[in-house]
Amino acid sequence: MAWYVYILRCQDDSLYTGVCTDLERRVQEHNQCNKKGARYTRARRPVKMVYQEDCENRSEACKREAAIKKLQRKQKLLLINAQ
């Protein structure tokens, strides 16, 4: 099973980072589902996928997510623009 790290741009221009196995489904959950979407993105809809990265497994995806979350916004924007 493929795992992904992704970054969403929210309506208020903030960035949200997460992991999943199905990118399309996850974006839909963030935009439409109050039970499965993240609490952070519920008040900042709609969200748009601006970055995605393939990972070998869940462990690697979670490690990469943690590393991205530690980056400053400027560094995240450089990562997004480099893709």
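So, R44: in this predicted model, its relative accessible area is 24%, so we call it partly exposed. What does R44 form a salt bridge with? The partner is D12, and the closest N and O atoms are 3.1 Å apart. R44 sits in the loop between α2 and β3, while D12 is in the loop between β1 and β2, so this pair ties together parts that are 32 residues apart in sequence. D12 is partly exposed too, at 44% relative accessibility.

Okay, on to the other salt bridges. The structure has eight of them. One pairs E29 with R26, at 2.8 Å from N to O. Those two are three residues apart in helix α1, so about one helical turn separates them. E29 is buried at 10% relative accessibility, and R26 is buried as well, at 13%.

Then there's K69 with E65, at 3.2 Å. Again it's about one helical turn, because they're four residues apart in helix α3. Here K69 is partly exposed at 46%, but E65 is buried at 14%.

You'll find D13 in the loop between β1 and β2, partly exposed at 35%.

Another backbone detail: the peptide bond joining R45 and P46 is cis, with omega about 0 degrees. P46 is in the loop between α2 and β3.

Last one, H30, in helix α1. Buried or exposed? Buried, because its relative accessibility is 0%.

Note on methods:
Residues numbered from 1 in each chain as written. Predicted model: local features only at pLDDT ≥ 70, side-chain atom pairs only at ≥ 80, totals over all residues. Heavy atoms only, no water. Buried < 20%, exposed > 50% of the residue type's maximum accessible area, 1.4 Å probe, protein only. Salt bridge = Lys/Arg side-chain N within 4 Å of Asp/Glu carboxyl O.
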